[in-house]
Amino acid sequence: MIQIKRSFAISKKDLRIYYNKGPVVIQGILFPIMLFLAFTIGREILPIYIISGLMTMVLFLTSTSIGPVVFPWETRQKTLERLITCPISIRTILLGNVWSSFLFGCIFSTVPLILGIIFLGLWKEMNLLILVPGILLAAFSFSSFSLILSVPPTDTPASTMILTILIKFPLIFVSPLFMPISLNPITFISPLSYFLDILNVGLGSPSAFGSLGLFFDFGYLIIFGFVFLFLAFILHAKVLQKRFKG
Amino acid sequence: MNVIQVSNLSKDFGEVKAVDQVNFFVKTDEIFGFLGPNGAGKTTTIRMMTGVLRPTSGTIQIYGKEVWKNQIMIKQILGNVPEEANVYMDLTGFQNLNFIGELYSIPKEIRKERAFNLLRQFELYERRNSLAKKYSKGMKQRLLLCMALMSEPKILFLDEPTSGLDVQSSIIIKNLIKEYNKNGMTVFLTTHNMDVANEMCDRIAIINKGKIIKCDTPDNLRTVEREYQAINLYLSKEINPSIFTNVQGIKSFSKVKDYYHAIVSDIDQAISGIIKITTEHNIKIHKINTPEPSLEEVFINAIKEGETKNLE
C-alpha cells in the first residue's frame, strides 16, 4: 500500500514534468489531430464512428506518449539514479508512469466525447455504464503497453520514439478506425479494435463481435493490460543495471 | 559499532573488474572517505552500497542487513547524493524536496517544515519557488544534498560532493556535513580531492584499480609515510645537489624553487652528513625543517606501491 502511495507521487511528478515535452506533445496531441483529419476529410462517416474513432486514436496515442520517454529522459537528465536510491522498487516507478499515462489518456479522450455530445447529439443513445469502464480499462491497458517501449536501456528519448512509432502506428492501421469493425483476421491483433467496439456499443451501435462482443472486448483489454504490465516489471528489472554500467 | 561492513566485494562489467575483493567497515558517527583517482572504482562501490548495482560477489551489510536483499528497508535509512546526479529541472527547489519527502512517506506538514528548514540551512530559501533549471551548479548541488537529508537519514552517502563547485557552495556543504555528522549521522564520501579528505574524514580508504591499498586515519597514514621523512634546506649559496647523494641516510636530494628537498631514511645520519658537507664547502645553513608528509604524498606513494605490487 505504501508503495502504491509512492507511485502516485511519481505520477504527479511525471505529470508536472513530461507532458509539455516535445515528443509527448507531438505523439500525444498533434498526431491524433493530424490522423483524424487524414481519415475523415472527404469521407462520409456516421457521427458515432467519427467520435469513437477519434476517441480510440486520442486515448491510444496520448496514453502511450509518456511511458516510452520517462526512462531515457531520466537517464539522460541523471535523475534516475537519485530516484532509485529512494525506498521504492522499479515496480513503483513503473506504476507511477502508468498512473500518469492513464490520467493523461482519460482526460484527453473525453474531449471528443464531450464535443460529440454537444454538437452531434450522441447523448441520446449513450450508455455511460459501458463507456466509462471501457475508457478506464483501455487507458490502463495502453499505458501498461507503453512501458514496454522504454525497455531498451538508452538515454536518448528520440531512439525510443522511433521504436514507438514503428510499433504503435501499425496497430492503428490494422484496426478498423472510423468504420464498422470488419471481421478481418488482422484486426483481432490490435487492442484498438476492442476499445473501438466498446465505444461503438456505448454510443448505441451493435457489437461487431456478436452477442458476447463486450465480454471479449473487456476480457482482451484486461489480459492485454496485465500481460504487458508484468512483462514490463520483469524486463525493466533486468535492464535497470545496464543503465548504470561503468 | 560497525554500521557498514563490506566483505570480499567485487563487481565485474564483462571483462572489466571495476571492484576487486574489497573489504572495509564504517563505524557509527564517523566520516569515512573513499579516496582514489578517476576510474578507481569509487562510484561503482557506492552504487553497490546504495542498492543501485548488484555485486558480482561479496556482501555489503548495513546495520547487519544485506543491502541487495533488503533494499527498500535499507534505502529508508540512507541519504544519497550520487556523482553527476541531478535535480528535477522543471520542478522548483521546494517541489524537488516535497517530491522526495513523498517518496519517504513523510507527512505533509512535517515535509513542508523540514523542506523549509533545509532550504534555509543551505541558503536556498529565497529561491525556493524558482525552477531548479535556473539554479547555479553550486545551488543544484546544495539542493541535492537537501534532498538527501529530507528523510533525516542515519547514513549519508556522498559521491564527490564538492567536485567542481564554487568556494562558497563548497564551504557551506563541508560545514553542514560536519555539523550533521556531529549530530550523529554517519557519512560515507568518495573524493579525489586530498583537501576534502584531509579536512573532513575520520578514516580514509585509498582505492585504485578496484582494490583498497590502504585504510586508516589521515594521521596514521601520514605516520606510516614517515618511514621516509623529508628535509627542506635553505642554504647561503647554490650547490650541485649531487654532492649530497652519497651521504648516509639520504635517499634523494633535489632543488625545489629556492630550497633543497631531501627524502631521508635516517634523519639523524642525514642531518650529520649534511652539516659535515656544508662545513667542508663553506656553505651556511639558513634554515632547516622537516615537513609533515602531506596526504597527497601518502596517496601518490600508495598508488605507486599498489601498482608495483600488481606488477610483481
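The structure is a predicted model, in which local features need pLDDT of at least 70 and side-chain atom pairs count only at pLDDT 80 or more, whereas totals for chains, interfaces and linings use all residues. Residues are numbered from 1 along each chain as its sequence is written, chains are lettered from A and ligands numbered from 1 in the order in which they are written, and side-chain values use heavy atoms, with hydrogens and water left out.

Chain B contains 10 helices and 14 strands, where helices (H or I, at least four residues) and strands (E, at least two) are DSSP runs numbered from the N terminus. The C-alpha trace of chain B spans about 80 × 45 × 35 Å along its principal axes. Of the 312 residues in chain B, 53% are buried, a term that means under 20% relative accessible area, with exposed meaning over 50% and partly exposed lying in between (1.4 Å probe, protein chains only). Among the contacts in chain B with a separation of 6 or more, 68% are made by residues 24 or more positions apart; contact here means heavy atoms within 4.5 Å.

In chain B, 6 strands form an open sheet with mixed pairing, in the order 6-7-8-3-9-10; two strands are taken to pair if DSSP finds at least two bridges between them. Strand 6 (78-81) and strand 10 of chain B are the edge strands, each of which pairs on one side only. From one strand to the next, the twist averages 15 degrees, such angles running from 0 to 180 degrees between N-to-C directions of axes, which are lines fitted to C-alpha atoms, for helices over the stretch in contact. Helix 5 (residues 137-149) of chain B lies across strand 6 and strand 7 (155-159) of chain B and runs at about 165 degrees to strand 6 of chain B.

Within this sheet, strand 9 (residues 203-208) of chain B is mostly covered, since 6 of its 6 residues are buried. Arg203(B), Ala205(B) and Ile207(B) are buried on one side of strand 9 of chain B, and Ile204(B), Ile206(B) and Asn208(B) are buried on the other, which leaves both faces covered. Strand 3 (residues 31-35) of chain B pairs with strand 9 of chain B in the parallel sense over 4 bridges; Gly33(B) stands opposite Ile204(B), and the bridge partner of Leu35(B) is Ile206(B). Strand 9 of chain B also pairs with strand 10 (residues 211-216) of chain B, in the antiparallel sense and over 5 bridges, and there the bridge partner of Ile206(B) is Lys214(B). The hairpin of these two strands of chain B has 2 residues between the strands, and in this hairpin Lys209(B) takes a positive phi near 50 degrees.

Thr186(B) lies in strand 8 (residues 186-191) of chain B and counts as buried because its relative accessibility is 1%. Not counting residues up to four places away in sequence, Thr186(B) touches several residues, including Val3(B), Val26(B), Asp29(B), Lys154(B) and Leu156(B). The C-alpha atoms of Thr186(B) and Thr56(B), which are 130 residues apart along the chain, are separated by 26 Å.

Another open sheet in chain B has 4 strands in the order 12-13-11-14, with antiparallel pairing. Its edge strands are strand 12 (250-256) and strand 14 (285-289) of chain B, each pairing on one side only, and neighbouring strands of this sheet are turned by 20 degrees against each other on average, direction ignored. Helix 9 (residues 267-280) of chain B packs on the sheet, where it touches strand 11, strand 12, strand 13 (259-264) and strand 14 of chain B, and its direction makes about 20 degrees with that of strand 11 of chain B. Strand 11 (residues 229-235) of chain B and strand 14 of chain B pair in the antiparallel sense over 4 bridges, with Asn289(B) as the bridge partner of Asn232(B).

In chain A, helix 6 (residues 90-120) and helix 7 (residues 128-148) pack at an angle of about 135 degrees, with their axes 8 Å apart. That angle makes helix 6 of chain A oblique to helix 7 of chain A, as angles under 35 degrees count as roughly parallel, over 145 as roughly antiparallel, 65 to 115 as roughly perpendicular and the rest as oblique.
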